[in-house]
Amino acid sequence: MELLFYGFLYYKHWNWRTNKRSVIAICMLIDFAINVPSLASRTCRCTNFYIMNSYKENLRTGVTSTLADIEKMITASNASLDAATATLRFAKGALAQAVEQEQKLSADLAGKNELLELAARACYLAGDAMQTAGQQKAYSAQSASNSAVAAANVQVAANAVVRLASDLGSINSIVIADDYGSAIAQLTGQVYETTNDTALSAEKASMKAMEASIAAAEVPSGAIADIALRLKNIADELLSSIAEGTGKTATALANEVANRQTLEKNVHQADAVAKDLGLENEAVKASYEFTCKQLNMGLSVPAGQVKSDSFTVVFDLYRPAFSGGESVVSEYRIAIVKEEKKFVTSTSRVWAAAQAKGVITFSDAEFGADVTSVNKSIQLAGLTDIDGDKLFAGRRYVVFLQVVFTDDYKKQINNFEDMLSAPSNTFSVAKP
Amino acid sequence: MTTDYIQQDQKVLLDKLAAEIADAQRRYDASQIEVLALTDKVSTFQMQVAAAEANRVTALNNKNLFMQLLQSADDLNTITANGCLQVAAAASTSEQLASEATDVVNKLIYSAELVNKLSDLIVRQKALNPLMSDDLVSRVAMACTDANNAVALSLTALQSCFAAQAATAQTSSISEAGQQRSAALCTLLSESAKSGLNAAIRGAYDAAIARYETDRKSNETANTEFTLAQAKLSKAQTELKSLQAGLAAANAAVGL
């Protein structure tokens, strides 16, 4: 039996795993062999302890204990696997966030770089405008100064011309008063006229010079230069602000890339751990199934078939070790027991419950001679556990299978006890 | 038989407690993993929100700066256009002045030559006719001096008029260049094309606001998750401790 058991385990692991994994499988197997004492020694120990009980009772105690040990391993393995799965899930979540953030930052950086270029161009243009305005201011100042000088000079010249005209006026008066001959009189008259005309022009020019000086002074070059300077300063400030923002985003992106790489590594590691634990979990569950099949009549309540109004019990029909073909079982009883009471449930308790209609009973005759395994669907309506309590959702239960032998068989083996299975796996009734 | 049942019930109780402890321990471990993961998440999100907030402030500041820039460019454009017209008017006046001054100088030189000729004539007549008025002679001599002086001053004035004209003409041409540049800047800043700075600044601002909102909401959600997970952890811890204490008491009671 023992050889068969380990042989089966070894065969299963060999099939599941690749070369790399087979090493783990063998390690597990050795570990299992150390941690779960052999059935022979366990039975032997139990025999010493329960010396007064029947052989069947001794075997049952051994099986219960073995199954309980494997169940503990399953529980521990489930816990480790759950933890590893949760770690993996959170690591993946963190990675997804990091990837999203990286994409956002990357898009952000592209936009900011474009913005930076546009701002730089605007800044150059503002710089050009400021430079031109500065030059204009200098030229304009020169122009105003030159115009003022010209106005002054023209004024002085005009004064001199007026003075000449006044000289000629006096000369003309004297010449007209005293008759000095026609030549002098004619020339004087001519000079008098041209100087008067020149004086008029000079006065007009003086007026124009004043106008020109005013116009040159009025050009708002100073204001233009001030505004251009302000413009350039704002453009500089904008450019540096955008450049700073772009730099920050670039740094953030670099950090996020590093962060994402770390998280990728984390996910990879968590994934490897979860995978290994998953394999161990499968192995230990398979060993439970195998043990159950071999030693506990394959008694189980498949989790997938537990509903709000019914559940299914699966078991193998009892076949005696040496049988002439006819059935030795009169009936099967299925007892539902609260999980915490699974180690204290005995044949006598199930019997007591059977008297109180607290178990589900059906005859062996229901099944044909060629049937070896049974799927029994059990309706929850009106059902109680062996304590007589109604089943309710969320509470954990196990089932026991009691095999009631025919009287002939009991006489044949000279043992009038019925056989009680070890507890099945734990299940909870689903909420309606 | 009674003792047997009582012992069995004690075992049931101990087994039940042990199973409950294992279960509570599992819940506690799971909660702890969740709290640890959420602690990281919350701190990451907080940093992201802080960055998004800073980004939003910068984007708003950039937008305001841009509005100022646009306003300044507009101001510059307007005042440059006005200045340009004024400079053009000044240049035109300056040109007229130069031309008038030239006219004056030409006339003056002609008049001065005539004055000199008159002076020669009167001096010769004086030699022939000593009775000629001395006053006239002296006045003509004075007129010659004044004419010389006037010509000299006019030439100076003419020169400075041309200098003024040259400076004003230069101002005019540089002013036109400035006008063109500020107009180009104005066009660049105010164009509403998608590729322009205007659109880019506004787009960056809108994006910054949107990102801040998203990050803020994510952060709030993460904080809520964290608070819930912490509460769950604390509950699991309390349950675990209580069960452990119960088991210790039960073990002590049965003498284990």
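Let me begin with the interface itself. In the predicted model, 92 residues of chain A are in contact with 90 residues of chain B, and the area buried between chain A and chain B is about 7,900 Å², with carbon and sulfur atoms giving 71% of it. Between the two chains there are also 20 residue pairs in polar contact, counting pairs in which both residues have a pLDDT of 80 or more. On the side of chain A that touches chain B, helix 4 (55-177), helix 5 (182-218) and helix 6 (221-295) of chain A each supply at least two residues, and the largest share, 49 residues, comes from helix 4 of chain A. If we sort the residues on that side of chain A by type, we find 49 nonpolar, 23 polar and 20 charged.

One salt bridge brings together the side chains of D75(B) and R230(A), at 3.3 Å from N to O. Another joins D146(B) and R163(A), whose closest N and O atoms are 3.1 Å apart, and this pair crosses from helix 2 of chain B to helix 4 of chain A. D146(B) counts as buried at 5% relative accessibility, whereas R163(A), at 45%, counts as partly exposed.

Other salt bridges stay inside one chain. In chain A, E71(A) forms a salt bridge with K342(A), and their closest N and O atoms are 2.7 Å apart. Because E71(A) lies in helix 4 of chain A and K342(A) in the loop between strand 2 and helix 7 (347-355) of chain A, this pair ties together parts that are 271 residues apart in sequence. E71(A) is buried, with a relative accessible area of 15%, and K342(A) is buried as well, at 7%. In chain B, E239(B) and R27(B) form a salt bridge with closest N and O atoms 2.6 Å apart, linking helix 3 (residues 197-254) to helix 1 (residues 2-128) of chain B across 212 residues.

Let me turn next to strand 2 of chain A, residues 329-338. Why is it described as largely enclosed by the rest of the structure? The reason is that eight of its ten residues are buried. Strand 2 pairs with strand 5 (residues 396-405) of chain A in the antiparallel sense over nine bridges, and within that pairing I334(A) has L401(A) as its bridge partner. Strand 2 is also joined to strand 3 (residues 359-363) of chain A by five bridges, again antiparallel, and there R333(A) stands opposite T361(A).

I will finish with T246(A), which lies in helix 6 of chain A and counts as buried at 6% relative accessibility. The side chain of T246(A) reaches the backbone oxygen of I242(A) at 2.7 Å.

Key: Residues numbered from 1 in each chain as written. Chains lettered and ligands numbered in written order. Predicted model: local features only at pLDDT ≥ 70, side-chain atom pairs only at ≥ 80, totals over all residues. Heavy atoms only, no water. Contact = heavy atoms within 4.5 Å. Buried area = accessible area lost by both parts, 1.4 Å probe. Salt bridge = Lys/Arg side-chain N within 4 Å of Asp/Glu carboxyl O. Polar contact = N/O pair within 3.5 Å; in protein donor to acceptor, adjacent residues only side chain to side chain. Helix = DSSP H or I, 4+ residues; strand = E, 2+ residues; numbered from the N terminus. Nonpolar A, V, L, I, M, F, W, Y, C, P; charged D, E, K, R; others polar. Buried < 20%, exposed > 50% of the residue type's maximum accessible area, 1.4 Å probe, protein only. Pairing = 2+ DSSP bridges.
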